Amino acid sequence: MTIARARQLLQTQAGFGGGYNRQGARLILAEVAREHGQPAVDALIRELGLERLFGFVPGAQP
């Protein structure tokens, strides 16, 4: 999965909010971590404000 596609999917998940969408976002971030590494995950968390929305912490495994 490309970073751009992950960003698009995460924006959709963030738009809906809620527990099920948190799980979906976590799975997307796990895929990004496998393909691009933790720095890419941390950048997406910060860029999209996922720490505030879902409680994801940069540096922690998704």
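Colleague: In this predicted model, which residues is Ala6 in contact with, leaving aside its neighbours within four places in sequence?

Modeller: Ala6 is in contact with Met1, Ile28, Val32 and Leu44, once neighbours within four places in sequence are left aside. What makes each of these a contact is that heavy atoms lie within 4.5 Å. Ala6 itself lies in helix H1.

Colleague: Why is Ala6 called buried?

Modeller: Buried means under 20% relative accessible area. Ala6 has 0% relative accessibility, so Ala6 counts as buried.

Colleague: How far apart are Ala6 and Ala25 in sequence and in space?

Modeller: They are separated by 19 residues in sequence, and their C-alpha atoms are 9.2 Å apart. Ala25 is among the residues in contact with Leu10, with neighbours of Leu10 within four places in sequence left aside.

Colleague: Which residues have the most contacts inside the largest nonpolar core?

Modeller: Leu10, Leu29, Leu44, Leu50 and Phe56 do, in a core of 16 residues. At least two residues of this core come from each of H1, H2, H3 and H4.

Colleague: Which residues of helix H3 are buried, and what do they pack against?

Modeller: Helix H3 covers residues 38–48, and its buried residues are Gln38, Ala40, Val41, Asp42, Leu44, Ile45 and Leu48. These pack against helix H1 (3–16), helix H2 (19–36) and helix H4 (50–54).

Colleague: What follows H3?

Modeller: Gly49 follows H3, with a positive phi near 70°.

Notes
Residues are numbered from 1 along each chain as its sequence is written. This is a predicted model: local features need pLDDT of at least 70, side-chain atom pairs count only at pLDDT 80 or more; totals for chains, interfaces and linings use all residues. Side-chain values use heavy atoms; hydrogens and water are left out. Buried means under 20% relative accessible area, exposed over 50%, partly exposed in between (1.4 Å probe, protein chains only). Helices (H or I, at least four residues) and strands (E, at least two) are DSSP runs, numbered from the N terminus. A nonpolar core is a set of buried Ala, Val, Leu, Ile, Met, Phe, Trp, Tyr and Cys residues joined through side-chain atoms within 4.5 Å.
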